[in-house]
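Grab a pencil and work through a few exercises on the structure below. Each task comes with a solution that goes step by step.

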Amino acid sequence: MNTTGLNIIKTLGCLTAVTFFTVYNTYDNYNYNYDQILAFLTFISTIATPLFFVVTGYMDADSQHTPEWQMKKIRGILTIFIFWFSIYYLWGPYQKGYLIQPWFIFSLVIIYTFHPVVEWLAKRRVILASLVFALLIFSFAYDLLAIYFTESKSFSAPAQFRIWTWVLYYLTGQLLYDPVVSTLYSRPRIAKYAAIAIPFVYTFTWFYEKHFFFSIFNVERNSFILTGSQVYILVLLIIIAANGVKPDATRLPVSEMVSSLGKTMTGVYILHYTFFNLLIEWIPINSLTAKLLVILMTFLLSVASSMLLLKSNLTKKLITF
């Protein structure tokens, strides 16, 4: 994946994280169940968490993997978790960002604990691709069985605790880094077809979720599509389309802006909950316009704060690993 495409994906991750979770975490009537515009924003933003794990997997594939690197990653993740979780208990206005949820940290720690296995797989393209495909089939099967066997404890794992899903996306990032695979999806024609397919797949997925799984859609507030198997196709298409954007196709100011925004991805995942909860205390949300304004301000404040924290070698450890 070229640098421009990677920065676009990371920026998209920032935007979708803020949109998705600030729409859900609200104390007014302008939430997912009441407004079609917000429903649409929520739906198209369900790629936020998958994008994070794919990008992390891709970037790790470009790193030097040593025992020291592995331990540094685990220490970095635990440092972020302990620091922000402590702030959460000591300072009321602070709210746990999505990256500070225990299941999120648990998934990352598992991935890095068994990273020597990931490295072994990365050197064996066919085996890695086969495992990714097997995990995708397993994820899809589990989604279906969880719907039809609601009383079974074996299929009652909440969507966010289905760790294999996040492993699937992480390994997908590793696979996308592979030179042969990268050469394949980097063809201009492939990127063009992917861009054309995205709105059609989104439309299909919308009706698929709303009608085929209508009952679970209402009961779980659509939470399962966050890890739904069909979202995997959307994530791949978006990544391939973004990779088709060449560096010389974007103007310098835009390219620099996307590059800067991309660096703040992890920080935005951590900080946006807090800014959202502070803003809704000061801004009464009594209209759709007010709600969208709060979402925009949440994004801008999260990005600006992350940029400031990244300037110091000490503070950047609190928002990146």
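**Exercise 1.** Is Ala157 buried, partly exposed or exposed, going by its relative accessible area?

*Solution.* Keep in mind that you are looking at a predicted model. Start with the cut-offs: under 20% relative accessible area is buried, over 50% is exposed, and in between is partly exposed. The relative accessible area of Ala157 is 22%, so Ala157 is partly exposed. Next, find its place in the chain: Ala157 sits in the loop between α7 (125-148) and α8. Last, look at what is around it. Setting aside neighbours within four places in sequence, Ala157 is in contact with Tyr142 and Arg162. Tyr142 lies 15 residues from Ala157 in sequence, and the two are 9.7 Å apart in space, C-alpha to C-alpha.

**Exercise 2.** Now try another loop residue: where is Asp178, and does it count as buried or exposed?

*Solution.* First the place: Asp178 belongs to the loop between α8 (163-177) and α9 (179-185). Then the accessibility: Asp178 has 10% relative accessibility, which means it counts as buried. To finish, list the touching residues. Not counting residues up to four places away in sequence, Asp178 touches Ala122 and Arg125.

**Exercise 3.** How many helices and strands does the protein chain have, and what percentage of its residues count as buried?

*Solution.* Count the secondary structure first: there are 15 helices and zero strands. For burial, 51% of the 321 residues count as buried.

**Exercise 4.** Describe how α3 and α5 pack: what are the angle and the distance between their axes?

*Solution.* Two packed helices are described by the angle between their axes and how far apart those axes are. Helix α3 (residues 48-61) and helix α5 (residues 102-113) pack at about 25°, and their axes are 13 Å apart. Angles under 35 degrees count as roughly parallel, so α3 is roughly parallel to α5. The crossing of α3 past α5 is right-handed. On the α3 side, the contact is made by Thr49, Phe52, Phe53, Thr56 and Asp60, and on the α5 side by Trp103, Phe104, Ser107, Leu108, Ile111 and Tyr112. Sorted by class, the residues of this contact are seven nonpolar, three polar and one charged.

**Exercise 5.** Bring in α8: how is this helix oriented to α3, and how to α5?

*Solution.* Take α3 first. The axes of α3 and α8 are 7 Å apart, with an angle of about 45°, and the two helices are therefore oblique to each other. Their crossing is right-handed. The residues that meet include Phe53, Gly57 and Ala61 in α3, and Trp166, Tyr169 and Gly173 in α8. By class, the contact of α3 with α8 has 10 nonpolar, five polar and one charged residues.

Now α5. Its axis comes within 10 Å of the α8 axis, and the two cross at roughly 55°. That makes α5 and α8 oblique to each other as well. Here, too, the crossing is right-handed. The contact is made by Trp103, Phe106, Ser107, Ile110, Ile111 and Tyr112 of α5, together with Ile163, Trp166, Val167 and Tyr170 of α8. Those residues divide into nine nonpolar, one polar and no charged.

Note on methods:
Residues numbered from 1 in each chain as written. Predicted model: local features only at pLDDT ≥ 70, side-chain atom pairs only at ≥ 80, totals over all residues. Heavy atoms only, no water. Helix = DSSP H or I, 4+ residues; strand = E, 2+ residues; numbered from the N terminus. Buried < 20%, exposed > 50% of the residue type's maximum accessible area, 1.4 Å probe, protein only. Contact = heavy atoms within 4.5 Å. Axes fitted to C-alpha atoms, helices over the stretch in contact; angles between N-to-C directions. Parallel < 35°, antiparallel > 145°, perpendicular 65-115°, else oblique. Left-handed = near helix turned anticlockwise from the far one by under 90°. Nonpolar A, V, L, I, M, F, W, Y, C, P; charged D, E, K, R; others polar.
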